[in-house]
Every structure is written in structure tokens, then in C-alpha cells.
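Opened the notebook to look up two things today.

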Amino acid sequence: MRKLFLFLLVFGCNSIPGSAALAQEAVAQQVVVATSSSNMVDGILAFREKRYADAVNSFERSVEAGEDPAEAHFLLARIFWETSLKDQGRAGNELDKALEIDPDNVQYLVARMQQLRSDSWNIFQKMASEQKRAGLARQILKIDETNAFAHQELGKQAIRDFWRYRNAVVYPHLLFSKDKYRARTVIDPTANLNRGILEDLELASPDDAGLLDDSEVLRTTAGFLDARAIFLADKFDLETLDSQGINVQDLSSRADKAYDRAIGHLYTAMETDPRQRLVYDDLMQIFALKGEYGEALRMLEQMYLFFPEDPQLWTYLGYAHFESGNYQESAVVFKTAFDFMDESMAYAYNNLDLILPQDEKNLYKKDKIAYAARFWTSKDPRYLTPYNERKLAHYARLTYADLLYGAPEIDLHGWDTERGHILVRYGVPMADVVVIPKSLSGIDRSIVARPGDIGSGEGDTSRILQIAREGDGWDMFEEANTYNIWNYGDFKFVFEDPFRNGEYRLYSPSARDIAEGTLPWVNDYTIEANDIIRREPERYEFETEGRSVEVPFLVVSFKNFSSDLSDVYVNYGIPVVDFDPDEDVINVTANAGVFVIGEQRDILVEQRRTIYGLRTQQIVRFEESNLWIDTEELRIPPGNQEISIEFETVGGGAVAVQRRAVTIVDYSGDKFQMSDLLFAYRIEETEDGRPTVSTDIVRNGLSIMPAPWSVFSRKQPIYFYFELYNLELDASGMANYEVEAILSPKDTGSGVSKFVKGIFGGGDKGVAVTLPIQVKSENDGQYLLLDASNQETGLYILRVRIKDTVSGKTVERTEDLFLE
């Protein structure tokens, strides 16, 4: 009769995990249909042809006739579990009868283990099912020590333990259970306490409330509250709690042991049956959680041998290569993944709705392909590379979210869950902590949290069931709750798992919490998340492959007299550690580029070049570094733009990437205007229009060595250049204007009167220059230099005011600078 069952698996349903593998094994054995039992044969044929009601009748007759009743009961269990006749209760009963007849049948035990994986909202049923599955897996391994299904089950439970404990901490108390005061005992110091609460707190009078801060309230209530407890209104500030000396139990040692167990079981399952597809998902999940990307890549080589056209193979490869810093390889394999994706999966990887600002979504809907191309181009952190690191990061986040939070059994992808949404938007948090409140009910939560350890938690399980049945003033759902805190530095998200089933959601105070005094706007992370997403819908911080170099740069703009564009100079400096000033060139080959991204996410300008050697003539010395200075001249339209500077040595030894939002002034029209201030380390007149050094800026007969940052030594003069447009001419055709330049310590104030008072009112801090200028043109360019040798080091502000004495109009520019 066993051959009949294998024949069925060849042609019938394959919904039991691993049945496809069993079917292939049957083919290898050249299974033939036995004819000794017509009822079984009829049932198998009906099952194969999806005539399930006929199959049920045939198998029931087989049972009545005593024709291989164990196998008949098992096949009935399959029909009532897998098909349109689904009846989980009867499926369980039929499998029980099969096991009564043949209790050591590994296939039946595996089927029971699969039945116990059905989802349950009840934490206690879920824990009991996990214990039973673990027991069955061990029972199976006593019969068949290499059984892949049993090893996978134990491996999955070990993954769950690793995930639960890798960043988990246990706090002494979480006061929201079995206590009528709950969160309201942490009082908003800005709120007035009503008399009822004061009476509860046993304060002498309402007047005393105004004298108490939060800590005093806690001390006042110490008679019935633990001052070391976490309250719902604490906003889950773990650093503050640690600093207060609260005892924290770190569970990371449990995680290490769980990781070793998971790897051992899952590798055994893979080696036993490399065609068992789900084992690769489990291994990839724990490697991703642990950050073992090299191990993941080696495992995926094995997966490629058996599932070369599986799209998840390629997304896993793309993810592992990306996290390993192999961006080129990641780009190639993610591109291959799209060749094997179905329509829904490809849509999820291409869809931008989750990360777009709200005001751009309508533009995206009008032309998704074109807008997506512009979006990803504008987000590319390195235009010198052939791949888009930000786009790869998006693919990697989607893969990681699906690995961790997806539920294939209910067709739920990880990126559609609340934690998945946040991960895709902001990436992996800086800190990811699970808070497990210690029990107030007498239940050892640390043991109950490990249902795989059969025997050790039996007493606590009984205690759980007793309280659940009889009640003990205990809110089982609140005590069962676990919190997952994701910290991104300047903001955080808090998730809760009220049923302890791994299905986390953003924490929001319950109606009961609010009714008893919790302030929802203080600690409601559903509201908080919406506010964060509105302000910042996505975040990505680029990390270079090689040595990261900070590149200072300044952007200045001037009027272009032949078009509506502006002349823009991007002046940047590359740090140079050691060099020989007697040598003309530092032997370095590098690629450099300047890129301008417009308001509509278009690339407006891209300039690339290869630099063969850094000329020492372009190096300026500072106290803490030396800068090799260079400049790029651009023509770009006015408006809000982004400018990206890239510099990388050939071979990727050092990489510099800087991006900044800038506003380019519109110089068109006939109003009186002033250009940006161009800081410089040297300005010289040039009669033939040639630069003194090839990289100098030449404007109005001046050769200018631009400054890439606003840092000057007190020992050197401060040069700055500016231009004026549309001066008014007097009757003689002359333009007359006054220049007032004031350099003052920034902490003296921001008003003009404070600057003038500080300089001319007897103070010895600051530098001022005032001079009249007359020219025969309505446009002019001038430079000034300031001697700051008698000033202290520190931050200063330079204010340059121009007054057109003919029209009486004034213009002004201010810039910060630092004296060292």
C-alpha cells in the first residue's frame, strides 16, 4: 500500500511541505500501482483527479474493509486538511486514528507536525503547539536521525529563540498589569492634578502638587509602586533607564546558543534533502539576522544547484552581496532576479509609493516609469559608479523585510507589515531592542518564552492555564505583551506584540490606558510614526567601500551676461596627509565629478574628469590638515538645486562624496543685486586674462585662488570677491557706491547695531573696512582683504553691505568663517 501513497503524491496534491520531494523519490523508484485493493486504488485515482468526495467514500470503504486502514485514515486526513473539503477538526481526528494504528510512522508524525503549524491568535495555544512540534521532531529523530522535516522544525524554533533573544532585555517591572494606577502614575508636570488623583496619591493638599516633579511623584507613591519600574509614559527611553541604574537582564547568551542549534539542525536538513526549498529560506533568515553574509553566499551556491530560476535565490544573492559591500555583484544579480519574478513581486520591487514624499505621489502616478527613473537618478549617491547604491539599498531592504516579517502561509509579504514598512523607509535601526517585562503574576516569563525546552516550563504552563481559566486579577494580554524598540538616533519607533506571536504592530495606548490617565500624544507611536513619515518619508546614509574622506566645498554664483543661466563655481578641497613641497606633483590618479540635480529630480549638469597627479602648487596648509584645492565652473539655471561632489582614487582606496542643497540666485532683471561672496586665499590682477595657476578662477581681470571652506589662519589675510549688477549711473555716467565690511565674533549678536557697537563703540574685537568706489559701468566686480591677525581664534561672521549712493538702494551678504 505504501506504493499507492507515493503514486498519489506523484500525480496528486503537493501542499504538504516536502511532498514534492517525496514524489520525486517515488519516480526514482519507478513506482507502479498496486491492484490488491480496489477501494484504495479508486480513492487514489479520485484524489488525483480532484474528485474529493469520491475519494473520501473510497477511503472510508477501505477502512471498513480493513484494507490498509492506517494509510486510508492518513489520506483522509490529507483531503480534509489540503482540499476544498477542508475540515481541520476531522483532519486531526483521521490523523490520530492513523497514528493509533502505526504510531512510529515517520510520514504520519511529520504530517501531525505540519498540522500543528496552523496559526493561532492565542498565545497559550501557540506555545503549546510549539512544544508539541518540538516533541514530535525529537520523536521523529529517534526513528530517523537525519529526517529533514524534523531538523527543519527544530531549526525554525531555534531561529525564533535567536531572534527573540539577540537584542532582548528583561526589566524588573513594567507597571501596567494588575494595578489600577497603570500609566497615569507618571504625571505630566505641565498638567494640573485633580483632587481625586491627589487623594489616591495621599498628598497633603492640592497645593503640594505644584511642588512635585516626576521623580518626587514616584517617591511619594513608593508605598505601592516600584520606583525602578518602567511606565508607559516613559517613552521607552532605554538610555535614561540604564543611567538610572535599573537592573537589566541581557539575554544575548541565550541567542548565541540558539544560533548554534539553528545552524546545526538546518544544515543537517539541507544535507539530507537539498531539494527541501523552505530550508534555504530559514538559513537565509538566520544568516541575515546574524549578519553572516559570507556564510549566506556559500549556502546560496547550493541553492543555485537545485533552484536556479527561483527569484528569491537572486534577491537573496543581491541582498548578501549588498551587505558585503559587493555593489557591482549586487546590481547584476538583482537585475537577474527581475527575469524570474512574477508580476506581483516585480511590482513590489519597482513600486515607489512607500518612500515618496506625499506631494510627489501624484506626479509619480502620471508616469511611473519616467518619474521612477528621475527619482532613482536623483537619489544616486555616487554618479561615478555604474550602479545606483540607493536603489540597491531599496531592493536589499525589501528582501530583508520579507525574510524577517513575511508569512508565506497566509500570502503576506514582509514589506506589507508595519515593521516592514518602517524598515523599507529607514533601513535597519541603529539600535533594535526587545523589552520583555518581568512577570507580576508569578509566571517565569523567561522560561515560558522558550516553549522548545520541553519539561522546563511545564509548571509555568500549568500556572498560565490556571490563571486563564480561573482569573487572578491578571490581564494576560498585557503581561504577555513584548515591546520592540527601533532607535534611529533622532527618532524611534516602538512596536508591541500583545499576543506574543511575532506579529508586531506600532504601540498605541489602549482605550483602557487612556481612560485611566495615559496621555496618548506622549506615547502613541501610531501618531508618532505618521508624523515622522510626513516629515521624512525615507532615509539613506551612504557608506563608502574604501576609506571615506570628508570633502569641504563652497558654491558661489555670479551673473552670466550672455544667458539666463548663472555662472556657478564649486570650489572643493581634498585632504592631503603628507607631501613634499619640493615636488611639483603628488603621483595620484583620481576620478572626479560634479553633478547638479534639479528641483524635478533631473540631472542638469554632470562633469567628469580624470586627474593625473595632484599639483602641490594647489595645496594650502592648515593647522590640522592640508587641502589640495580645485574648482569646477558650471552654467546652471537659478532655483533650488542639489550639488554633489565626488572624488575617488583609482582602485577605490579613498572615496569622497558630498552632497548639499543650494539656492542659485536669479540675476535676471534690472534690479540692484549683489553676487555671492567668493572667499579666496589669493587674488591677483592679470593683464592678459590668464590665470596665475591653471585652476584659478578668472573674473574681471582677477586671478582668484578660491577657498573650499570658510577657514582662515590669523596669519593670512582674508580675501573675498563679489560683483554688483544694475548700479544706477549719475549724470556724468558714473556709478558710485560705498562698501562696508564688518568682521565680528559671531557670539556678539546678529543685529547690525550690535556689530557696529562692538567695533566702533570702544570694543577691540572685530575688523571693519569702509571705502567709496566709483566706476564707469552699471556692473562691477571688486575684491577686499581683511587683516585679522590681532583677532582671537573662533567663529566669526562677515557682513558686507553695499550702498548705491546714486539711488540710495542697499544690498547685503553675510557669511560665517572660522579663524584658526
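My entries on the core and the sheet follow.

**Ground rules.** I'm working on a predicted model, where local features need pLDDT of at least 70, side-chain atom pairs count only at pLDDT 80 or more, and totals for chains, interfaces and linings use all residues. Residues are numbered from 1 along each chain as its sequence is written, and side-chain values use heavy atoms, with hydrogens and water left out.

**Core.** I looked up the largest nonpolar core and got 87 residues. The term covers buried Ala, Val, Leu, Ile, Met, Phe, Trp, Tyr and Cys joined through side-chain atoms within 4.5 Å; buried is under 20% relative accessible area, with a 1.4 Å probe and protein chains only. Helix α22 (389–405) gives the most to this core, 10 residues. Helices are DSSP runs of H or I, at least four residues, and strands are runs of E, at least two, numbered from the N terminus.

Y349 is among the residues with the most contacts inside the core. Leaving out residues up to four places away in sequence, I found Y349 touching T315, F334, F338, M341, H394, Y395, L398, T399 and W415 (contact: heavy atoms within 4.5 Å).

**Sheet.** Next I checked an open, antiparallel sheet of four strands, ordered β8-β9-β13-β12. Strands pair if DSSP finds at least two bridges between them. The edges are β8 (553–559) and β12 (619–621).

I followed β9 (566–576): 11 bridges join it to β13 (626–636), with P575 partnered by L627. Since 10 of its 11 residues are buried, β9 is largely enclosed by the rest of the structure.

Key. Buried < 20%, exposed > 50% of the residue type's maximum accessible area, 1.4 Å probe, protein only.
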